[in-house]
Amino acid sequence: MNSSLPATAPISVVIPCYRCADTIGASVASIDTQQRRPVEVLLVDDASGDGTLEALHRVAAAYPPGWVKVVTSPANGGPSQARNLGWQAASQPYIAFLDADDTWAPEKIALQMRELERDPGIALIAHRMKVVSRGAAPDPVRAPVRAHTISRRRLLLNNPFPTASVILRRDLPFRFNERFRRVEDFLLWAQIGFSGYHCVKLDQVLAYWHKPTFGAAGLSGDLDAMHRAGKEVRQELLRTGLVTRGEHWVARGFGLIRRSRRRVLLMMRPTGAR
């Protein structure tokens, strides 16, 4: 644990937790080592039923009282419900999301807060991520750090905002749609962006997945289910008037191309890596 507390950032970190006893410690440790430390961390147990809840309390007890808080869901509702419960319990003006098997680079919060403090009109800020093995050294930050506005056209192509990279304003009038257990994150980002809010992305890798982003175990592993969920998200955006019919068909075409590409990449992986 970091013994010298850095300057804090007005951020509540929300982590949905489902059967993650083996990985949650490393995820929280990567928050603790931030150059600017978030004010609070909310671990939301999604009715794991396997000892995860006890593990979350052990992690919380390893840090100063009140910094890590454990929130419990009355029933398993998936990541959307868990993140919404954490959002509801958050006390800070900004919310950051992290998944229980991902980690952050030490500079992440400091760099994102620098941009948010420079431009308070930003509603959502994200950055790049990549897959690395556990224990690998973080990528060095490469100056200059640039923030790029994500346009409406860019949002039509695919999801530019990995969940563990996102910080957003707590007061936004949106929440994760709890009917969706897949692609629920992109639906929320799209609702924010297509509603005209200012969304930006830093050109740095500041967080890490520790398993392949598709074709691996878990909800993202079923490519056909992911494609169906993406189709449902596009239909929801069309139904609510956030995209035009023409934009809907453009997005659908890119979705088909993306699915084909992922199938090819999955077939090219060694059997043990799928």
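**Aromatic core and cysteines**

Author: Start with two phenylalanines: F97 and F176 are both buried. Keep in mind that this is a predicted model.

Reader: How are the rings of F97 and F176 arranged, stacked or edge-to-face?
Author: Edge-to-face. The F97 and F176 ring centres are 5.3 Å apart, with 85° between the planes.

Reader: Where do F97 and F176 lie in the chain?
Author: F97 is in strand 4, residues 94–97. F176 is in the loop between strand 8 and helix 6. They are 79 residues apart in sequence, so the pair ties together separate parts of the chain.

Reader: Which residues make up the aromatic cluster?
Author: W87, F97, F176 and W189 form one cluster.

Reader: And how many aromatic pairs are there?
Author: The count is seven. One of them is W87 with F176, edge-to-face at 6.2 Å centre to centre and 75° between the planes. That pair also links distant parts of the chain: W87 sits in helix 3 (residues 78–89), 89 residues from F176.

Reader: Is W87 buried or exposed?
Author: Buried, with a relative accessible area of 2%. F176 is at 3%.

Reader: Which charged residue sits over the F176 ring?
Author: R83. Its charged end is 5.3 Å from the ring centre of F176.

Reader: What lies over the face of W67?
Author: R37, at 3.8 Å from the ring centre.

Reader: Is C20 buried or exposed?
Author: C20 is buried, at 5% relative accessible area. C199 is buried too, at 2%.

Reader: Now the whole chain. How many helices and strands?
Author: Eight helices and nine strands.

Reader: What share of the residues is buried?
Author: Buried residues make up 50% of the 274 in the protein chain.

Reader: Last one. Of contacts between residues at least 6 apart in sequence, what share joins residues at least 24 apart?
Author: In the protein chain, 83% of those contacts do.

Note on methods. Residues numbered from 1 in each chain as written. Predicted model: local features only at pLDDT ≥ 70, side-chain atom pairs only at ≥ 80, totals over all residues. Heavy atoms only, no water. Helix = DSSP H or I, 4+ residues; strand = E, 2+ residues; numbered from the N terminus. Buried < 20%, exposed > 50% of the residue type's maximum accessible area, 1.4 Å probe, protein only. Contact = heavy atoms within 4.5 Å. Phe/Tyr/Trp six-rings, centres within 6.5 Å; stacked < 30°, edge-to-face > 60°. Lys NZ or Arg CZ within 6 Å of the ring centre and 35° of its normal.
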